[in-house]
Amino acid sequence: MHFHHFEDLEPGQEFTGGPITATREAMVAFARDFDPQPFHLDEEAAKKTFVGTLIGSGWQTASYGMRLLAEGLMLNSSSMGSPGIDELRWLKPVLPGDVLIATIRVEEVRPSSSKPDRGFARFKLTITDGEGEPVMTQAFGAMFARRGHTPAPRSVTFEEPSEPLLEGDDASLLPFLGEAEIGASRDLGQYRFEPEAIIAFAKVYDPQAFHTDAEAARASHFGGLCASGWHTAAVWMKRLHATWARDMVLTAKHGPVPQLGPSPGFKNMRWLRPVYAGDTLRYATKLVGARASTSRPGWGLAHHHNTAENQRGEPVFEFTGSVFWQWSA
């Protein structure tokens, strides 16, 4: 199989990854760890929700997309990682037993204007199910080393182990979306990226060497073991649910608790700095817009901007997403 450097990529090329089967067991396991909504966890509980049936987390579908991308191109290339995702759309729920295949199309290539050892490519990734119907599309960029060049490893300072992180005990009332304050922010707490967790996630969803092998990572341009960007994103969802679980308990003491539905997608996800083993991120979310749904009475679509900073206060991650949210009681 041909090994791809930057020079080998050209617009119009297509690569394929897969197939991979999304099993019920894998869906539920991912949801328990990162996205514990009823329609990802249990068939009976799902019947009472917006969705009505058990489906896979969209974040798992995106992570499967990374796995398929790795198999189809990245593991056989001079990949240097991705700065982010321009747009991702979840078009159709992934159901237990669905067989997923990815098509990766090169849209644009350009050499770096400041670093002659690398170049950038833009891609369109489409995941289809066993019936050949699209379930997710994604527009993104990635960096690749040029042939004959080995980008030098950066100098990395790893954090020493510190005290265990404690779950917060703060709680806020969760409003129905029609009553929510635009501009309201919510601190989502902290998460430490331990090397074992980084490697475990990457082996399943993003098996590039700088995420799975500490020694290989030190020799890479990252200079050390770092988390997959999709791990960083999945932990945002984990922290959102951990925080909202407290908020839901408080809200239930005062009245009805608004339900959440699935997300149609997000835009402008940026991985601003590598997240290294031992880094502790603090996540936050901010409601930036809301509108009532014309197709689902009683529901609305919330737009939220999300961020994470590392232990030095440096921004490492952001994106703007959307989610269905119960509009009124």
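What follows is a short exchange about a predicted model, covering its sheet, its aromatic rings and one serine.

Biologist: Which strands are the edge strands of the open sheet?

Modeller: The open sheet has ten strands, in the order β1-β3-β4-β5-β2-β7-β10-β9-β8-β6. The pairing is antiparallel. An edge strand here pairs on one side only. That gives β1 (14-22) and β6.

Biologist: What does the twist average from one strand to the next?

Modeller: The sheet in question is the open one of ten strands. From one strand to the next, its twist averages 20°.

Biologist: Over how many bridges do β4 and β5 pair?

Modeller: Strand β4 covers residues 118-128. Ala-121 stands opposite Ala-142 in β5. The two strands pair in the antiparallel sense, and the bridges number eleven.

Biologist: At about what angle does helix α8 run to β6?

Modeller: Helix α8 spans residues 229-252. It lies across β2, β5, β6, β7, β8, β9 (299-309) and β10 (315-326). Its angle to β6 is about 120°.

Biologist: Now the rings. How many aromatic pairs are there?

Modeller: Rings of Phe, Tyr and Trp pair if their centres lie within 6.5 Å. By this rule the count is 24.

Biologist: Trp-90 and Phe-266 form an aromatic pair; is it stacked, tilted or edge-to-face?

Modeller: The centres are 5.8 Å apart, and the planes stand at 70°. Planes over 60 degrees apart count as edge-to-face, so this pair is edge-to-face.

Biologist: How many residues apart are Trp-90 and Phe-266?

Modeller: Trp-90 is in strand β2 (residues 84-90). Phe-266 is in strand β7 (residues 265-271). The pair links distant parts of the chain, and the separation is 176 residues.

Biologist: Is Trp-90 buried or exposed, and what of Phe-266?

Modeller: Buried means under 20% relative accessible area. Trp-90 has 15%, and Phe-266 has 3%. Trp-90 is therefore buried, and Phe-266 is also buried.

Biologist: How many residues separate Phe-158 and Tyr-276?

Modeller: Phe-158 and Tyr-276 form an edge-to-face pair, 5.9 Å centre to centre with 85° between the planes. Phe-158 is in the loop between β5 (134-145) and β6 (185-192). Tyr-276 is in the loop between β7 and β8 (280-292). They are 118 residues apart.

Biologist: Which residue lies over the face of Phe-50?

Modeller: A charge sits over a ring only if it is within 6 Å of the ring centre. Lys-238 lies over the face of Phe-34, at 5.7 Å from the ring centre. For Phe-50 the distance is 3.8 Å, and the residue is Arg-296.

Biologist: Last, the serine. Which residues is Ser-263 in contact with, leaving aside neighbours within four places in sequence?

Modeller: Ser-263 is found in the loop between α8 and β7. Its relative accessible area is 26%, so Ser-263 is partly exposed. Its contacts are Trp-90, Ser-322 and Val-323.

Biologist: At what distance does the side chain of Ser-263 reach the backbone oxygen of Ser-322?

Modeller: A polar contact needs N or O atoms within 3.5 Å. The backbone nitrogen of Gly-265 lies 3.1 Å from a polar atom of the Ser-263 side chain. The backbone oxygen of Ser-322 is reached at 2.5 Å.

Note on methods
Residues numbered from 1 in each chain as written. Predicted model: local features only at pLDDT ≥ 70, side-chain atom pairs only at ≥ 80, totals over all residues. Heavy atoms only, no water. Phe/Tyr/Trp six-rings, centres within 6.5 Å; stacked < 30°, edge-to-face > 60°. Helix = DSSP H or I, 4+ residues; strand = E, 2+ residues; numbered from the N terminus. Buried < 20%, exposed > 50% of the residue type's maximum accessible area, 1.4 Å probe, protein only. Lys NZ or Arg CZ within 6 Å of the ring centre and 35° of its normal. Pairing = 2+ DSSP bridges. Axes fitted to C-alpha atoms, helices over the stretch in contact; angles between N-to-C directions. Contact = heavy atoms within 4.5 Å. Polar contact = N/O pair within 3.5 Å; in protein donor to acceptor, adjacent residues only side chain to side chain.
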